[in-house]
Structures are given as structure tokens and as C-alpha cells.
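Subject: Structure for your review

Dear colleague,

Please find below the structure that I am handing over to you.

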Amino acid sequence: MLKGNNITVRYGEHTVVDDLSFTIEEGQWLMLVGPNGAGKSTLIEAISQGVPYSGAFQLDGKDLRRYKPNQMARKIGVLSQNNSVGYGYTVDEVVGLGRYAYTTGFLSSADAEGGEQVQRALEATGLTELRHASVLTLSGGELQRTFLAQVFAQNPQLLILDEPANHLDLVYQQHIFSLIAQWLKTPGRAVLSVVHDLSLARRYGTHAVLMHQGRCAAQGEIAAVLTKENLHKVYHMDVYAWMQEMLQQWR
């Protein structure tokens, strides 16, 4: 579905992503994991065409650079870790913005499936009763679910997430990741996400790319990537022992 070939991102003389290649297929949830500064979020920005890069991304066999913005928006949906709002739009209006790529022109509302897709997105994220509420009144978890519903309404093939639940409490973390896992069950979809919490990555991911200093330290199925040896090389600590020590506190 998406293939990155020899992706490199540089800021001046500083290389942030260094000759990285990966593939994500239909039905997969690919986790980008690694320490701070590994280049994970920069790779997401490159896919979103937000930063210049060398190499190439291919989506369904076509170079991403050849897609027009509205064409790419029908293929890829992006949910960032920080979403702020400055105006009192309703939940329904914010979710409806996910259908912009399907309108026929400036200020056009010709989107035959728009209403149904927005309704499905609201129901999937449990926001139906809040659809007329101002987003300025929402909690952090409700606001993040609103932007997740916006991406669901966009109905992309590939969902890209940059720490989607990083600032949320445990209940909302579980809710957000469960919603995404349910979304992924529909054929023709895939998910790519940056996750710092290795427990969440192991619980929900099918595959992973372990990054270190901009390069790929390991990639493949999640269990084969998040091994004791691979994690020790990247984090310079016994991650397995630390996780087990933390778990012992709950026994």
C-alpha cells in the first residue's frame, strides 16, 4: 500500500532520517518506535509532504509527489498528537471538515456520501450526543476523538498517527487505540503510527520499524522487532527487565 524507498531528510548538515526504507501492506498496523530524536515524527512529516526529502514514497505504486493534495487526502488521513482549536465550531462541523477533499470546488458542498460518512464517524467514536457541542467545551479525550472522527469521515485507505494518545489518560488511550483497531478491520486499510509506549506498540501493532538516530535498526513483524537484543541496542538498557519490574508492582 505504501512503500518508502531510501528516504533521507536533512536540515542543513544534520541528517534526521537516513536512507530509510519500509513497506506497509493492507491490514497491517505498522508502529514506528525508538528513542526521542530517532526521526519518527520527521518521517511522518515527510510522508505528509510537510518537509523536503530525497528518495521516494510510493502509494499504490504511484509516487506521492505526483498526487494532487485532494487526491492524497482521499488516500491518506493524518492525526497529529496536538490538535488545538480557537473557534467555537461544533463537533459536527469539525468532523465534516474531513470531507473537504470530496467537494467539487471552492465553497462547494456537493458530496453525496458526506452526511453518511460523518454520521458513521460520529457513531464509531461515540460522539453522536456531542455533535452540536462547541469543541471549546470538550475534554482532551473528547477533542482527540473529534479529530479522529474527522479522519474517519475522510475515509482514507491509510491512517497515519503521530502519538495519537500521548497526552491522554489511560481510559482515553485504551479507547483511542481500540477505535483505530476496529477501523482497521475493514478491508483495504492500513495504519502507520508513531508510538513511544512500547506496551501499546506490542499490544496493537502487527509490524514495526525500530528507529535509531534516523536509521532503521530493525523491521518486520512486531515480535521479531521488539526483542530484548534489539531494544537494548537502541535504548542502551534492558527494556525487558524494566517492563517486568514495573509489572511486578501490580502483583
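Two strands are said to pair if DSSP finds at least two bridges between them. By that rule, β4 and strand β5 (residues 62-63) are a pair, joined by two bridges and antiparallel in sense. Please note that the model is predicted.

Leucine 59 has lysine 62 in β5 as its bridge partner. The hairpin of β4 and β5 has two residues between the strands, and aspartate 60 in this hairpin has a positive phi near 55 degrees.

On its other pairing, β4 (residues 54-59) is joined to strand β1 (residues 2-11) by five bridges, and these two strands run antiparallel. Here leucine 2 is placed opposite leucine 59 of β4. Strand β1 also pairs with β2, again in the antiparallel sense, over seven bridges. Within that pairing, lysine 3 has threonine 23 in β2 as its bridge partner.

Taken together, these strands form an open sheet of four, in the order β2-β1-β4-β5, with antiparallel pairing. Which strands stand at the edges? They are β2 (14-24) and β5; each has a single partner strand, so one side of each is left without a neighbour in the sheet.

I turn next to a helix. Is helix α1 (residues 40-47) mostly covered or mostly uncovered? The helix is mostly covered, as six of its eight residues are buried. The buried residues are Lys40, Thr42, Leu43, Ile44, Ala46 and Ile47. After α1 comes glutamine 49, which has a positive phi near 65 degrees.

Finally, some remarks on the chain as a whole. The chain contains ten helices and ten strands. Its C-alpha trace spans about 55 × 50 × 35 Å along the principal axes. A compact globule of 251 residues would have a radius of gyration near 18 Å, and the 19 Å of the chain agrees with this. Of the 251 residues, 46% count as buried. Among contacts in the chain with a separation of 6 or more, 67% come from residues 24 or more positions apart.

With kind regards

Methods:
Residues numbered from 1 in each chain as written. Predicted model: local features only at pLDDT ≥ 70, side-chain atom pairs only at ≥ 80, totals over all residues. Heavy atoms only, no water. Rg over C-alpha atoms; globule rule 2.2 N^0.38 Å. Buried < 20%, exposed > 50% of the residue type's maximum accessible area, 1.4 Å probe, protein only. Contact = heavy atoms within 4.5 Å.
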